[in-house]
Amino acid sequence: MKYALFLGCKIPSRLPAYAASTRTVLQHLGVTLVDLEFNCCGYPARDVSRDAFVLAAARNLALAERAGLDLLTPCACCFGTLRHAITFLDEDAALRSRVTQALAAEGLAWSGKAEVEHVLPVLARVIGVDALAAAVRVPRTGLRVAAQYGCHALRPSNVARFDNPMAPTIFETLIRLTGATPVEWPRRLDCCGDPLHGANAPLSEQITRAKIADALASGAEVMCTACPHCHLRFDGVQADNTDPSIRTLLYTQLLGLALGLPAKSLGLSKGMPWTNGSVP
């Protein structure tokens with residue numbers, strides 16, 4: 001099993017623990033990850049130029065296609081952006097012609113052969129829940145976890161094809177197999193507030209804090225994420241707290257701990273409450 005790993009921009013620069021834990025967990029599970037010379041997914045250009053956004057995404061897809069690999073990303077935003085670009089290219093012949101011409105200048109071509117996958121469905125459906133459960137060595141029994149899906153993974157459903165956008169279960173299923181307990185919380189499908197931060201920081205913070213309060217009221221000890229934007233937003237509103245009201249934990253870190261992998265290899269510090277029982 002082999003994929004081209006697409007980390008995007010935010011993970012290497014601001015959340016390297018997500019890159020480390022993704023590599024560590026997938027390699028432990030027998031997945032080969034290949035690094036290509038990818039560029040930005042194109043998301044920041046969406047509101048400026050549709051052609052620039054789609055071309056940036058298509059170049060990444062073309063690089064994966066040239067390598068004969070499907071593309072795997074841990075970033076829900078990159079996942080949604082790349083899936084959107086494929087949809088736009090399929091639907092708009094004129095756009096496809098312009099992008100094809102631009103790619104040809106670099107000796108690249110896009111034909112739609114390379115698939116785009118997020119790490120959670122790959123774990124759940126490709127590797128498989130049963131195989132993951134059998135690989136668990138240090139169950140995180142007793143840990144109560146709020147699953148933060150993120151918007152781009154679920155919507156629009158005809159583009160993402162991730163899970164039921166109104167009643168998803170994949171994240172809770174993956175949490176449960178680690179031995180942890182996923183909590184039910186009313187705001188689990190709400191936006192984290194990150195897309196608003198640049199335009200209206202107070203409203204963004206209000207949305208984020210409302211989600212944190214809801215998760216805590218529902219009994220969660222940890223907010224589990226699979227999107228760097230969500231993860232950094234929850235950490236950001238609590239940055240001034242020496243003892244955050246709720247801790248954030250990437251799913252790849254949670255799974256890695258359950259697999260018995262060293263906390264350091266997952267980007268975790270020794271002594272964190274959920275690392276108990278893991279290899280130092």
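This is a predicted model: local features need pLDDT of at least 70, side-chain atom pairs count only at pLDDT 80 or more; totals for chains, interfaces and linings use all residues.

Reader: Fine. How many helices and strands does the protein chain have?

Author: The protein chain has 12 helices and 8 strands. Its radius of gyration, taken over C-alpha atoms, is 19 Å, close to the 19 Å that the globule rule (2.2 Å times the number of residues to the power 0.38) gives for 280 residues, so the chain is as compact as a globular protein of that length. Along the principal axes, the C-alpha trace spans about 55 × 45 × 30 Å.

Reader: And what share of the residues counts as buried?

Author: 51% of the 280 residues do. Buried means under 20% relative accessible area, exposed over 50%, and partly exposed in between, with a 1.4 Å probe and protein chains only. As for contacts (heavy atoms within 4.5 Å), 74% of those between residues at least 6 apart in sequence join residues at least 24 apart.

Reader: Sheets next. What's the strand order in the open sheet of 4 strands?

Author: The order is β2-β1-β3-β4, with parallel pairing; two strands pair if DSSP finds at least two bridges between them. The edge strands are β2 (32-34) and β4, each pairing on one side only. On average, neighbouring strands in this sheet are turned by 40° against each other, direction ignored. Axes here are lines fitted to C-alpha atoms, for helices over the stretch in contact, and angles run from 0 to 180 degrees between N-to-C directions.

Reader: Which residues are bridge partners there?

Author: Between β1 and β3, which are joined by 3 bridges and run parallel, Y3 has D70 as its partner in β3. Strand β3 (residues 70-73) is joined to β4 by 3 bridges, also in parallel, and L71 is partnered by V116 in β4.

Reader: What lies across those strands?

Author: Helix α6 (residues 119-135) lies across β1 (2-5), β3 and β4, at about 85° to β4.

Reader: Staying with β4, is H118 buried or exposed?

Author: H118 lies in β4 (residues 116-118), and it counts as buried because its relative accessibility is 1%. The H118 side chain reaches the backbone oxygen of A226 at 3.1 Å. That's a polar contact: a pair of N or O atoms within 3.5 Å where, within protein, one must be able to donate a hydrogen and the other to accept it, and residues adjacent in sequence count only if both atoms are side-chain atoms. Beyond its neighbours within four places in sequence, H118 is in contact with Y18, T73, P74, C75, A76, F79, F162 and A226.

Reader: OK, over to β7. Which way do its side chains point?

Author: In β7 (residues 222-225), V222 and C224 point one way, M223 and T225 the other way, and all are buried. In a regular strand the side chains alternate between the two faces of the sheet.

Reader: What does β7 pair with?

Author: β7 pairs with β5 (residues 144-148) in the parallel sense over 4 bridges, where A146 has M223 as its bridge partner. Another 4 bridges join β7 to β8 (residues 247-250), which run parallel, and T225 stands opposite L250 in β8. The chain crosses from β7 through helix α11 (residues 228-237) to β8, and this β-α-β crossover is right-handed; with the strands pointing away from the viewer, that path from the first strand over the helix to the second runs clockwise.

Conventions: Residues are numbered from 1 along each chain as its sequence is written. Side-chain values use heavy atoms; hydrogens and water are left out. Helices (H or I, at least four residues) and strands (E, at least two) are DSSP runs, numbered from the N terminus.
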